[in-house]
Amino acid sequence: MNRIRKGDQVIVITGKNKGQRGEVLRVAGDRVFVQNINLIKRHTKPNPQANQPGGIVEREASIDISNVQLFNPATGKGSRVGFKSLEDGRKVRVFRPSGEMVDI
């Protein structure tokens, strides 16, 4: 079970995008792709089979997972994440400072 998953709201805690918030598009090992953060320009060739035009495309590059924190809407800041097992056997993510569940 990962501490950060696709669809989570995260805050970048270090680097050139420090303080920015966005949604996780995908997780690839220990790297995450966050919407509209760490944008790069990629020069692409046209691909008629995929109906894709060529040109300069701006897209997200990956960020190391250690450089983002899960956004806690209760505090309005990023928080560390831990795990807790419930009585019914489910394993859920919890915010470390408050102990409240991330997944409901």
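**Strands, salt bridges and surface charge in a predicted model**

Strands β2 (residues 21–28) and β3 (residues 31–34) run antiparallel and are joined by four bridges. Strands here are DSSP runs of E with at least two residues, numbered from the N terminus, and two strands pair if DSSP finds at least two bridges between them. The model is a predicted one, in which local features need pLDDT of at least 70 and side-chain atom pairs count only at pLDDT 80 or more, while totals for chains, interfaces and linings use all residues. Residues are numbered from 1 along each chain as its sequence is written, and side-chain values use heavy atoms, with hydrogens and water left out.

Within this pairing, Arg26 stands opposite Phe33 of β3. The hairpin has two residues between its strands, and Gly29 there takes a positive phi near 70 degrees. Asp30 also lies in the loop between β2 and β3. Asp30 is partly exposed, at a relative accessible area of 46%; the classes are buried for under 20%, exposed for over 50% and partly exposed in between (1.4 Å probe, protein chains only).

Side-chain charges provide a second view of the fold. Side chains of opposite charge can pair when their charged atoms come close. A salt bridge is defined as a side-chain nitrogen of Lys or Arg within 4 Å of a carboxyl oxygen of Asp or Glu, and the count comes to four. One of them links Asp8 to Arg93, with the closest N and O atoms 2.8 Å apart. Asp8 lies in the segment before β1 (9–12) and Arg93 in β10 (residues 91–95), so this pair ties together parts that are 85 residues apart in sequence. Both Asp8 and Arg93 are buried.

Another salt bridge joins Glu58 to Lys41, the closest N and O atoms being 3.6 Å apart. Since Glu58 belongs to β5 (residues 55–60) and Lys41 to β4 (residues 39–44), the pair ties together parts 17 residues apart in sequence. Glu58 is exposed at 51% relative accessibility, and Lys41 is exposed at 55%.
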